[in-house]
Amino acid sequence: MSMRPRSLSIAAVALLASNLAGCGTVNEKLSAGMGDYVPQWAGGLPADAPPRAGTPQYDAYMRERERKRLLPAADREKEEQAQKGATGTTSGNAVR
């Protein structure tokens with residue numbers, strides 16, 4: 001009679017462990033895609049985060065990065081200054 005409650009508790013622990021392992025697998029797959037939809041204020045990706053690997057946007061991003069890397073430093077600085085001027089962002093706009 002004492003074997004029955006023990007085997008029942010072992011079965012319950014095994015069931016709970018398998019459920020927990022299943023949740024971990026599901027959450028891993030969901031979190032990879034759902035992180036793109038969470039707003040930044042709620043802990044999502046920042047606006048300047050690079051695109052996900054394997055997408056066409058990522059390939060274009062990497063080509064642009066390589067192009068900038070091959071530019072001479074003086075040209076790179078001029079291009080960055082032009083981009084900052086075009087977007088209107090300055091260090092004076094920083095939130096304090």
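Arg67 is partly exposed, with a relative accessibility of 36%. In this predicted model, the side chain of Arg67 takes part in a salt bridge with Glu64, at a distance of 2.6 Å from N to O. Glu64 is likewise partly exposed, at 33% relative accessible area. Both residues belong to helix 2, which covers residues 56-70, and because they are 3 residues apart there, about one helical turn separates them.

Arg67 also meets Glu79 in a salt bridge, with an N to O distance of 2.9 Å. Glu79 lies in helix 3 (residues 73-87) whereas Arg67 lies in helix 2, so this pair ties together parts that are 12 residues apart in sequence. Glu79 has a relative accessible area of 22% and is partly exposed; a residue counts as buried under 20%. Through these contacts, Glu64, Arg67 and Glu79 are linked in a network of salt bridges.

Another pair within helix 2 is Arg69 and Glu66, which are 3 residues apart, or about one turn of the helix. Their closest N and O atoms are 2.7 Å apart, forming a salt bridge. Arg69 is exposed, because its relative accessible area is 52% and the cut-off for this class is over 50%. Glu66, at 34% relative accessibility, is partly exposed.

In the whole structure, the search finds 3 salt bridges. They are listed below.

| Salt bridge | N to O distance |
|---|---|
| Arg67 and Glu64 | 2.6 Å |
| Arg69 and Glu66 | 2.7 Å |
| Glu79 and Arg67 | 2.9 Å |

As a general principle, side chains of opposite charge can pair when their charged atoms come close.

Key: Residues are numbered from 1 along each chain as its sequence is written. This is a predicted model: local features need pLDDT of at least 70, side-chain atom pairs count only at pLDDT 80 or more; totals for chains, interfaces and linings use all residues. Side-chain values use heavy atoms; hydrogens and water are left out. A salt bridge is a side-chain nitrogen of Lys or Arg within 4 Å of a carboxyl oxygen of Asp or Glu. Helices (H or I, at least four residues) and strands (E, at least two) are DSSP runs, numbered from the N terminus. Buried means under 20% relative accessible area, exposed over 50%, partly exposed in between (1.4 Å probe, protein chains only).
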